[in-house]
Amino acid sequence: MAMKIKVALAGKPNTGKSSLFNLLTGLNQQTGNFPGVTVDKRTGLCTLTPSVVAEIIDMPGTYSLYPRTVDEQIVTETFANSRNENYPDKVVLIADATNLKNCLLLLSQLMDLGFPIVLAVNMIDLAATAGFSIDIKRLAKELNMPVIMINGRTGQGIEDLKKALAEPTVKSSKTVFRPDPELMAPVEKIKTRFELGTDYDAYQYLQLYQQLKFLSENDRNFIQQVAQEHQFFPAKFQGAETIQRYEFIQDILNKVIVRHPDQDWKRRTYALDRILTHKVFGYLIFFGVLFLIFQAIFAWATVPMDFIDHGFASLSFYLSNLLPAGPLFDLITQGLVPGIGGIIIFVPQIAILFGFIAVLEETGYMSRAVFLMDKIMRKFGLNGKSIVPLMSGVACAIPAIMATRTIDNWKERLITILVTPLMSCSARLPVFTILVALIIPEETAFGFFNLQGLALMGLYLLGFLAALLSALVMKLIIHTEEKSYLILEMPTYRSPKWSNVGYTILEKTKAFVFGAGKIILAISVVLWVLASYGPGDQMDQAANAVAAQHFDSEVEKENKVAAARLEYSFAGKLGKWMEPVIEPLGYDWKIGIALITSFAAREVFVSTAATIYSLGSTEDEATIKERLKNEINPLTGGPRFTPAVGISLLLFYTFAMQCMSTLAVVYRETKGWKWPAIQMAYMTALAYLSALAAFHFLN
Amino acid sequence: MKPGETAVVAGFSSPELSPKLLEMGFLPGTVIRFNFKAPLGDPICVTVGNYDLAIRLNEASTIQVLS
């Protein structure tokens, strides 16, 4: 049995940390969550030597142990609490040779916490082009720890790193930061009370006790008392600490950095920046990139999506011939299998979207996009980084909301989460196309604008405007103490490492399928039960009554029976019960049923409409469209789907939070039901009122 | 400051932002260079030590410089 050690991989962003993680673990990696929060945790096994195996934990990128974001908070919590399940035996700190100074800040803090550390210096080649090299031996001596040169792109140095990790490393004998003498009294008190290993451990408690979640209420009160007794001001001492650390680092850098006079390395990046952040070309290119992503999600994703759709349909069919009939059989073939299909169908879009995001981040372009958009987004209470979730929201709000984690400021992040579902996601598209086809004539305006296409574009634009305006309103309503700021690294442009793109796609897809997937499956089963079962034997009676009538064909009979069953199911009852509420919008109970079932996913509207209008399980757009066109409103004798009703429904679907899975993700991201409830309320109100206004104005 | 100009960090006027700015490398005495602005005038791109940062005018204005 090999010895197993825990190794944390830490470092600041843009150092090639994920590359190193992928190189060390290969495909032996897993994605989970850090305890208590929903920050993705990547772990993987790595065989260092035949007798030592390391569990590598990829820590979120951070500049220091003083956290500003949820991700950074994780790093602090992990390193400050020796009882944390991820508390490592050793740390690999990865540093970017071109910017060693900033990388060593975190290193110096980890040294003071007493961790045995191996320093991995990446991007030596870039440093060489930048005109300097690093005296690695000297650096190791000055820091008193193993220092390994690696190349995260080619994999050079990985074996040396593994070897160094397998050695019984001891902690560095250096202490970088010593708390101010006047702070030694409180530090000693805390150190004794919590039995901590180093002064800096205790000092961290003193600085961060309000944020450290693993401390009990009692512990916190104790530290607060100590802090008050000694008049401790966190910000003042934090600044002093950082300066002291940088003095130590600068001292070392002066000894280890060997400069070459050539300094034109940055010219290429600046030349590119001149174009990519140009006031005309910059935006043209940016919107070109957005358009490309948009196209990819809609056009390229449909091929695998159709394949998945058909695959699951045949699986259901295959199983229905295989299993004995009964309620369990129905649950599997009609509830579970389509439910799982409903999760998997989103995989192509998510994979493509995160593929693009990964490429944009790897190349360094993402920072430029933020740079271009920050000023506009800030006006709406959003952050330059909000553009990524908003853009992703066009595919699916779920990964988009997951992508808000990179926003440091809580208020800006919250607003982004709240408004992202207003962006028209792909699940609205089937509803939109069928309703638009129903009420907008297929004609062209000015010779070349397809009217239906224009209407569809208008709906997307409407969703986007609603998102921006809601953000503006929320900016005024939501108050926080937190100051908004943006300090973002603009990394040098480089070509993406494709294996990293692949890993990102794999990881995000897994996170979606196993994270959000569970909730989606549960809800789809509940909704299936609502639509398939009814109170008492009313469903069977209705079905029998219909079946007793005369029909021209067996298919027509089956379809009529299915419609009758749905009418007397729980969902049908609910639809009728809520008819008075939705009547002012121009809807009847049949549309009501479709509203309820499409809570699972908006596109279910289409299949429900097919069933309720006795079309069987067809999803053929033309058939459904014809049938909807012929539906009569018994009150007026005219068609049920007048332009007024159609537009009212379109508006409803544009604004309503018709997606339980999104709510579930918001619950996870905001850790409570308060914000999902508010989101549900404001979006439903917006949907209801605009649909009401449209119907009355047009009718 | 104008694009291309350099200056030396002298101190900070905002106690809330200074720890973050310090961590990002704005140490008193460091040479910084103003590279260019975003097309809308804000944020701006500055070089600190050996790397580039995007920073809003708000934050930038809390950095006191000698030039």
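1. Helices α30 (residues 643-655) and α32 (residues 674-698) of chain A have axes that come within 8 Å and cross at roughly 165 degrees; α30(A) and α32(A) are therefore roughly antiparallel to each other (angles over 145 degrees count as such). Axes are lines fitted to C-alpha atoms, for helices over the stretch in contact, with angles from 0 to 180 degrees between N-to-C directions. Helices are DSSP runs (H or I, at least four residues), as are strands (E, at least two), numbered from the N terminus.

2. This is a predicted model, in which local features need pLDDT of at least 70, side-chain atom pairs count only at pLDDT 80 or more, and totals for chains, interfaces and linings use all residues. Residues are numbered from 1 along each chain as its sequence is written, and chains are lettered from A in the order in which they are written.

3. The contact between α30(A) and α32(A) involves, among others, A:Leu651, A:Phe652 and A:Phe655 of α30(A) and A:Leu686, A:Ala691 and A:Phe695 of α32(A). Residues are in contact if their C-beta atoms, placed from the backbone, lie within 7 Å. By class, the contact residues comprise 14 nonpolar, two polar and no charged (Ala, Val, Leu, Ile, Met, Phe, Trp, Tyr, Cys and Pro are nonpolar; Asp, Glu, Lys and Arg charged; the others, Gly among them, polar).

4. The domain assignment of chain A gives domain 1 (3-166) and domain 2 (181-259), with bounds from an automatic or database assignment. Their centres, taken over C-alpha atoms, are separated by 22 Å. Domain 1 of chain A contributes 26 residues to the contact and domain 2 of chain A 21 residues.

5. On the side of domain 1 of chain A that touches domain 2 of chain A, α3(A) supplies the largest share, six residues.

Methods: Contact = placed C-beta atoms within 7 Å. Parallel < 35°, antiparallel > 145°, perpendicular 65-115°, else oblique.
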